[in-house]
Amino acid sequence: MKQIASFTIDHLRLLPGLYVSRMDKIGAETVTTFDIRMTRPNFEPVMNTAEVHTIEHLGATFLRNHPVYGEKTVYFGPMGCRTGFYLLLAGSHTSSDIVPLMREMFAFIADFEGPVPGAEAIGCGNYLDMNLPMAKFLAKKYAEQVLARITDAQLNYPE
């Protein structure tokens with residue numbers, strides 16, 4: 001069986017950052033998949049499911065309501081390894097293109113107050129597994145330590 005591209009990235013050299021994971025053609029359209037890597041794989045503890053779930057709800061709500069990217073957002077959700085998230089956007093984009101969007105989104109999450117959107121039994125299959133304070137902490141950490149001073153090494157996969 002052919003190995004999928006994401007398993008060929010050297011996760012021992014991968015830093016927290018914002019990467020283009022892949023670009024796919026679907027008919028005449030391009031879909032760009034972004035790797036929003038919040039923790040360093042195999043070096044830092046992974047995020048717990050409650051904060052990942054909270055970031056997913058808040059990030060998806062922010063993105064789908066964004067005045068520019070709302071209609072381009074195909075998917076936002078967690079990686080199974082719990083070191084980050086995938087964002088799929090319609091169109092051809094670079095990591096640098098969406099740094100401002102990610103700064104907005106992570107500021108939104110870091111500053112969020114009130115009930116988490118969709119965190120109720122009728123709207124979510126596991127609504128009790130939420131941790132807003134920790135989600136806010138992790139969003140602020142990523143915004144300050146990665147997005148505020150992002151480097152080329154954090155925008156391009158290691159070779």
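Figure 1. Leu-89 is buried, its relative accessible area being 0%. The model shown here and in the other views is a predicted one. Leu-89 belongs to strand S4. With neighbours up to four places away in sequence set aside, Leu-89 makes contact with Thr-30, Val-31, Thr-32, Phe-34, Tyr-69, Lys-72, Thr-73, Val-74 and Ile-98. Tyr-142 lies 53 residues from Leu-89 along the chain, and 21 Å separates the C-alpha atoms of the two.

**Figure 2. Thr-83 in the loop between strands S3 and S4**. Strand S3 covers residues 73-78 and strand S4 covers 84-90, with Thr-83 in the loop that lies between them. Thr-83 has a relative accessible area of 4% and is buried, because the limit for a buried residue is under 20%. The side chain of Thr-83 forms a polar contact of 2.8 Å with the side chain of Arg-37. Not counting residues up to four places away in sequence, Thr-83 touches Ile-36, Arg-37, Met-38, Thr-39, Pro-41, Val-46 and Met-47.

**Figure 3. The largest nonpolar core**. This core holds 36 residues, of which Leu-18, Ile-36, Met-38, Leu-87, Ile-98, Met-102 and Phe-106 touch the most other members. At least two core residues come from each of strand S2 (29-37), helix H1 (49-64), strand S4, helix H2 (99-111) and helix H3 (132-145). H2 gives the largest share, 7 residues. Phe-106 touches Ile-36, Met-38, Ala-139, Tyr-142, Ala-143 and Leu-147, again leaving out residues up to four places away in sequence.

**Figure 4. Helix H2 and its buried residues**. H2 consists of 13 residues, and the distance from its first C-alpha to its last is 18 Å, close to the 18 Å expected at 1.5 Å a residue. Val-99, Leu-101, Met-102, Met-105, Phe-106, Ile-109 and Ala-110 are the buried residues of H2. Viewed down the axis of H2, these buried residues fall within an arc of 165 degrees, so they line one face of the helix. An α-helix has 3.6 residues a turn, so residues three or four places apart point the same way. The cover over the buried residues of H2 includes strand S1 (17-26), S2, H1, S3, S4 and H3.

**Figure 5. Helix H1 and its packing**. The end C-alpha atoms of H1 are 22 Å apart, in agreement with the 22 Å that its 16 residues should span at 1.5 Å a residue. The buried residues of H1 are Ala-50, Glu-51, Val-52, His-53, Thr-54, Ile-55, His-57, Leu-58, Gly-59, Phe-62 and Leu-63. S3, S4, H2 and H3 are the elements against which the buried residues of H1 pack.

Figure 6. The chain contains 3 helices and 4 strands, in the order β-β-α-β-β-α-α from the N terminus on. Its radius of gyration is 15 Å, close to the 15 Å given by the globule rule for 159 residues, so the chain is as compact as a globular protein of that length. The C-alpha trace spans about 40 × 40 × 35 Å along its principal axes. Of the 159 residues in the chain, 43% are buried. Among contacts between residues at least 6 apart in sequence, 68% join residues at least 24 apart.

Technical notes
Residues numbered from 1 in each chain as written. Predicted model: local features only at pLDDT ≥ 70, side-chain atom pairs only at ≥ 80, totals over all residues. Heavy atoms only, no water. Buried < 20%, exposed > 50% of the residue type's maximum accessible area, 1.4 Å probe, protein only. Polar contact = N/O pair within 3.5 Å; in protein donor to acceptor, adjacent residues only side chain to side chain. Contact = heavy atoms within 4.5 Å. Core = buried A, V, L, I, M, F, W, Y, C linked by side-chain atoms within 4.5 Å. Expected span 1.5 Å × (residues − 1). Arc of directions from axis to C-beta. Rg over C-alpha atoms; globule rule 2.2 N^0.38 Å.
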